[in-house]
Amino acid sequence: VVTSRNEKHSGPVGEFDWALAIRYSAPVCMDAGIERELYLPWVGMIHRVETTIAGPRRWDLVFARMGGVTVISEKDVAFGLSLDSAVYTANLMPPLRDPPPVPLMTARIHFRVVQDQPLVLTFGSGQTYEFIIKDEKGQIVHRWSDGRAFTLAVRRESFGPGEKVYALIVRLAVKDGQPLPQGNYTAEAWLTTMGNKAYAASVAFAIRHLH
């Protein structure tokens with residue numbers, strides 16, 4: 001039974017006054033079953049109460065990601081790196097073009113700050129993040145900042161509440177334009193804050209040649 005369409009609710013993901021409240025009739029077994037659920041528009045279930053032999057059990061939504069965009073979350077600070085594939089293929093089948101086609105990588109650096117106050121970080125230059133690719137020997141074969149100029153002034157930048165995403169399109173090629181050799185690689189990204197790499201992440205991937 002729908003008991004309210006404007007239910008007030010306070011939970012890990014925030015406070016709302018427009019939740020849909022549903023209460024279920026008593027189950028055949030009085031010691032087990034769903035009692036109550038709350039739903040938010042375009043989000044789904046955010047709260048559930050179940051009856052158990054040990055007493056009521058409550059479930060609360062703490063994080064939701066829809067359409068690749070973070071919509072709601074409990075309070076947290078998170079840094080991550082995402083790639084659009086685990087394996088990238090260079091098509092070297094004849095007739096081979098000159099220069100040969102180079103696989104493209106889409107990398108996304110995401111920094112999520114969900115708390116009452118913005119997080120203020122200090123940077124030693126105008127560069128906010130760095131992205132590199134290492135081969136199996138640990139040698140750097142690509143650095144995003146190469147050839148780019150940044151101001152040298154120390155600055156402070158505020159992040160959140162919310163999520164900031166930096167999207168990079170990376171040509172998986174060596175300096176002469178040829179595709180990177182076959183093998184296993186690691187992509188690394190971090191915020192270029194002063195001091196140690198406080199916010200960093202890495203993802204493994206592979207390059208394969210099609211002959």
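The model is predicted, so take it as a computed picture as you follow along.

Let's begin with a sheet. Strands of a sheet pair through backbone hydrogen bonds, and they can do so in a parallel or an antiparallel way. Here, an open sheet is built from 3 strands in the order β8-β10-β15, and their pairing is antiparallel. The edges are formed by β8 (76–83) and β15 (162–171), each of which pairs on one side only. If you ignore direction, neighbouring strands of this sheet are turned by 10° against each other on average. Look now at β10, residues 104–114: this strand and β15 pair in the antiparallel sense over 10 bridges. For one example that you can find yourself, go to Ala107, whose bridge partner in β15 is Leu168.

Next comes the inside. In soluble globular proteins, nonpolar side chains tend to be buried together. In this model, the largest nonpolar core has 30 residues, and those with the most contacts inside it are Met105, Phe111, Phe131, Leu172 and Phe205. Several elements give two or more residues to this core, among them β8, β10 and β15 from the sheet, along with β12 (129–134) and β17 (200–210). Which strand gives the most to this core? That is β10, with 5 residues.

What kinds of residues line the largest pocket? The lining divides into 5 nonpolar, 2 polar and 4 charged residues.

Finally, let's visit two loops. In the loop between β14 (155–159) and β15 you will find Pro161. The peptide bond that leads from Gly160 to Pro161 is cis, with omega near 0°. The other stop is Trp42, in the loop between β3 (33–40) and β4 (44–52). Trp42 has a positive phi of about 65°, although this residue is not a glycine. Is Trp42 buried or exposed? Trp42 counts as exposed because its relative accessibility is 81%, and the cut-off for exposed is over 50%.

Terms used
Residues are numbered from 1 along each chain as its sequence is written. This is a predicted model: local features need pLDDT of at least 70, side-chain atom pairs count only at pLDDT 80 or more; totals for chains, interfaces and linings use all residues. Side-chain values use heavy atoms; hydrogens and water are left out. Ala, Val, Leu, Ile, Met, Phe, Trp, Tyr, Cys and Pro count as nonpolar, Asp, Glu, Lys and Arg as charged, and the others, Gly among them, as polar. Two strands pair if DSSP finds at least two bridges between them. Helices (H or I, at least four residues) and strands (E, at least two) are DSSP runs, numbered from the N terminus. Axes are lines fitted to C-alpha atoms, for helices over the stretch in contact, and angles run from 0 to 180 degrees between N-to-C directions. A nonpolar core is a set of buried Ala, Val, Leu, Ile, Met, Phe, Trp, Tyr and Cys residues joined through side-chain atoms within 4.5 Å. Buried means under 20% relative accessible area, exposed over 50%, partly exposed in between (1.4 Å probe, protein chains only).
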